[in-house]
Amino acid sequence: MRLVRILALIALCLAFTPTSALAVTGYDSAYSGESAFVMIDAGQTQSFQVFFSNTGTTTWAKGTATEVDLAACLADKVTCNAQDSTDSTWNSGWLSATRYATATQASVAPGSLATFAYNIKAPADATGTHRFNGDLVVASSGARIHPEGYYQDATVNAVGSVTGPTPTPTPGSTPFPSAPPTALNFTISPWAYACGTTTRGNPVTATDSPTATGCPTTDTAGTATASYQAGALSLDKTGPTSDDLSSGATVGGITSLSSASFDVAGYCGAGAPRLNVTTADGKTHFFGCSANKPATSNHITLDLSAAGDGSGNGGVSPTNTVTALNFVFDESGATTLTNIKFNGMSQ
């Protein structure tokens with residue numbers, strides 16, 4: 001018990017230092033992106049995902065003494081393994097009242113990327129915006145391994161409103177369907193997100209500034225831009241990956257999905273560009289670029305099976321009803337997608 005107290009004290013002290021240091025010997029992590037903030041209806045279930053790189057020397061192994069969990073934290077971003085008084089009503093299959101999830105991967109070696117995915121369900125009487133704070137901890141001790149102040153927001157739609165995509169630095173967007181013209185197999189509608197607001201247009205730009213209303217004061221000023229011209233979807237983000245900023249596009253007219261592919265020119269990371277697929281069961285599945293990119297080709301054919309689903313939600317089959325489909329770009333850089341096909345068809 002004395003050792004546990006010492007580790008807890010060290011973690012607490014480090015949380016107040018300007019630069020986070022290695023909190024537990026052998027363990028360290030680096031934030032690498034997250035899914036989008038969401039708009040959600042009362043009673044609806046949606047998913048969040050966040051990515052951390054293992055930058056320590058110890059492999060994170062699920063179900064062992066080296067398991068690493070995503071723990072809930074209070075609004076002060078210091079008190080973790082603790083539940084905000086309003087969180088319990090949103091718990092949808094979390095590990096416990098104070099732990100959202102463990103890594104979806106069975107083993108995360110040093111230098112590898114881990115995905116932490118969990119569901120939230122808005123209470124029937126929910127209103128406003130609800131924030132979920134968290135940090136990575138060693139599962140056995142609860143000690144934070146690298147305090148970073150991760151959070152994601154869920155904003156409850158007003159009764160009678162139309163749910164729109166709310167990509168987050170990472171976005172796990174919600175439905176905003178529009179019937180495609182008869183001549184098209186699907187539509188592509190660009191959007192840009194910053195400071196809790198999604199703006200649509202073609203082209204469209206969103207600006208993130210720590211002085212603007214709704215922007216986290218810890219963000220760095222930047223922009224996100226999206227455009228779709230002549231079959232080319234161009235997406236960029238000038239701010240750091242951690243900024244509350246992203247660009248993307250909603251794909252309309254697709255109600256089931258058997259295949260998805262595109263060519264990529266530019267940035268191709270683990271979480272961006274990615275395809276977010278929301279199905280009728282309220283789950284958001286995402287499929288990243290780099291995991292599906294051949295070593296000698298820029299043509300991406302997404303693995304829609306459970307093995308390719310970075311959210312750990314079991315993949316998407318042709319029998320699933322698709323309620324929302326979004327390309328999301330929330331990491332720093334720029335990319336262009338062409339030759340976009342769904343179900344083997346071009347637009």
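Buried means under 20% relative accessible area, exposed means over 50%, and partly exposed lies in between, with a 1.4 Å probe and protein chains only. I start from phenylalanine 329, which is buried at a relative accessible area of 0%.

**Basis.** I am working on a predicted model, where local features need pLDDT of at least 70, side-chain atom pairs count only at pLDDT 80 or more, and totals for chains, interfaces and linings use all residues. Residues are numbered from 1 along each chain as its sequence is written, and side-chain values use heavy atoms, with hydrogens and water left out.

**Entry 1, phenylalanine 329.** I looked up its ring partner. The ring centres of tyrosine 267 and phenylalanine 329 are 5.8 Å apart with planes at 90°, so I log the pair as edge-to-face. For the term: rings of Phe, Tyr and Trp (its six-membered ring) pair if their centres lie within 6.5 Å; planes under 30 degrees apart are stacked, over 60 edge-to-face, and the rest tilted. Tyrosine 267 sits in the loop between strand 18 and strand 19, phenylalanine 329 in strand 22, and the two are 62 residues apart. Strands here are DSSP runs (E, at least two residues), numbered from the N terminus. Tyrosine 267 is partly exposed, with a relative accessible area of 30%.

I searched for nonpolar cores, meaning sets of buried Ala, Val, Leu, Ile, Met, Phe, Trp, Tyr and Cys residues joined through side-chain atoms within 4.5 Å. The largest has 38 residues, and those with the most contacts inside it are Leu233, Leu257, Leu275, Leu325, Phe327, Ile340 and Phe342. Strand 22 (residues 322-329) supplies the largest share of this core, four residues. Another core lies apart from it, with 32 residues, including Trp60, Trp94, Tyr100 and Leu136. As background, nonpolar side chains tend to be buried together in soluble globular proteins.

I then listed the contacts (heavy atoms within 4.5 Å) of leucine 325. Leaving aside neighbours within four places in sequence, leucine 325 is in contact with Ala249, Thr250, Val251, Ile254, Leu257, Leu275, Asn276, Val277 and Phe342.

Not counting residues up to four places away in sequence, phenylalanine 287 touches Arg274, Leu275, Val277, Leu302, Asp303, Leu304, Ser305, Gly308, Asp309, Gly315 and Val316. I also took the C-alpha separation of phenylalanine 287 and phenylalanine 327, which is 9.7 Å for two residues 40 apart along the chain.

A search of the whole structure gives 15 aromatic pairs. I looked at tyrosine 100 and tyrosine 118: the ring centres are 4.4 Å apart and the planes at 15°, so this pair is stacked. Tyrosine 100 is in strand 7 (residues 99-102) and tyrosine 118 in strand 9 (residues 113-121), so the pair ties together parts 18 residues apart in sequence. Tyrosine 100 is buried at 1% relative accessibility, and tyrosine 118 is buried at 3%. Both belong to one aromatic cluster, formed by Phe48, Trp90, Trp94, Tyr100, Tyr118 and Phe132.

Most residues other than glycine have a negative phi, and most peptide bonds are trans. I noted departures from both.

- The peptide bond from asparagine 202 to proline 203 is cis, with omega near 0°; proline 203 is in the loop between strand 13 (197-200) and strand 14 (204-208).
- Alanine 272 and proline 273 are joined by a cis peptide bond with omega about -10°; proline 273 is in the loop between strand 18 (260-266) and strand 19 (274-279).
- Cysteine 195 has a positive phi, near 55°, and is in the loop between strand 12 (187-194) and strand 13. Cysteine 195 is buried, with a relative accessible area of 10%.
- Asparagine 343 also has a positive phi, near 55°, and is in the segment after strand 23 (333-342). Asparagine 343 is partly exposed, with a relative accessible area of 25%.
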